[in-house]
Amino acid sequence: MAPNTQHVEEAWDFMKYVAGEGIDISQYMAGKIPSNIALSKQIVDPAQQPGTDMELLSTEAGEPLKTSYTKGWNEWRGYRSNEAMGLNGYIDSAMNGERTMDEAIKAATGDINAVLKRYYK
């Protein structure tokens with residue numbers, strides 16, 4: 001929550017909701033691990049996720065929530081990229097056989113660093 005929010009109660013209610021309080025397991029995106037412990041236990045239940053690597057999910061669900069948010073995150077990830085394609089686009093291009101993964105990583109690194117340089121001088 002932003003320290004200068006003018007709607008503390010509403011922001012707190014929203015944060016609890018997106019963390020999983022009140023969200024049914026069917027509303028959660030496949031392949032994601034919720035930070036809500038009750039939901040993460042449902043996610044790693046083999047009956048809830050048939051055909052999934054349960055060992056990997058169990059390991060991830062048992063760890064503290066990890067995030068890659070930084071200033072300019074939506075740009076360097078490619079969600080609003082002013083640079084080429086952002087990380088997501090480069091990974092997609094490698095997965096689609098348009099370039100090697102090494103080429104994608106090299107190109108993405110240049111774009112990501114350009115975005116981060118604007119924010120971290």
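## Ser93 and its polar contact

A polar atom of the Ser93 side chain sits 2.7 Å from the backbone oxygen of Tyr90, a polar contact (N or O atoms within 3.5 Å, one able to donate a hydrogen and the other to accept it; neighbours in sequence count only if both atoms are side-chain atoms). This is a predicted model, where local features need pLDDT of at least 70 and side-chain atom pairs pLDDT 80 or more, while totals for chains, interfaces and linings use all residues. Numbering runs from 1 along each chain as its sequence is written, and side-chain values use heavy atoms, without hydrogens or water.

Ser93 belongs to helix H5 (helices are DSSP runs of H or I, at least four residues, numbered from the N terminus). Ser93 counts as buried because its relative accessibility is 3% (buried is under 20%, with a 1.4 Å probe and protein chains only). Leaving aside residues up to four places away in sequence, Ser93 touches Met85, Glu98 and Arg99 (contact means heavy atoms within 4.5 Å).

## How H5 packs

Which residues of H5 are buried? They are Gly86, Asn88, Gly89, Tyr90, Ser93 and Ala94, and they pack against H4 (73-76) and H6.

H5 (residues 86-95) and H6 (residues 101-119) have axes 9 Å apart and an angle of about 170°, so the two are roughly antiparallel (over 145 degrees). On the H5 side, Leu87, Tyr90, Ala94 and Met95 meet H6 residues including Met101, Ala104 and Asp111. The residues of this contact split into nine nonpolar, no polar and one charged.

## Leaving the helix

Just after H5 comes Gly97, with a positive phi of about 80°.

Terms used. Axes are lines fitted to C-alpha atoms, for helices over the stretch in contact, and angles run from 0 to 180 degrees between N-to-C directions. Angles under 35 degrees count as roughly parallel, over 145 as roughly antiparallel, 65 to 115 as roughly perpendicular and the rest as oblique. Ala, Val, Leu, Ile, Met, Phe, Trp, Tyr, Cys and Pro count as nonpolar, Asp, Glu, Lys and Arg as charged, and the others, Gly among them, as polar. Buried means under 20% relative accessible area, exposed over 50%, partly exposed in between (1.4 Å probe, protein chains only).
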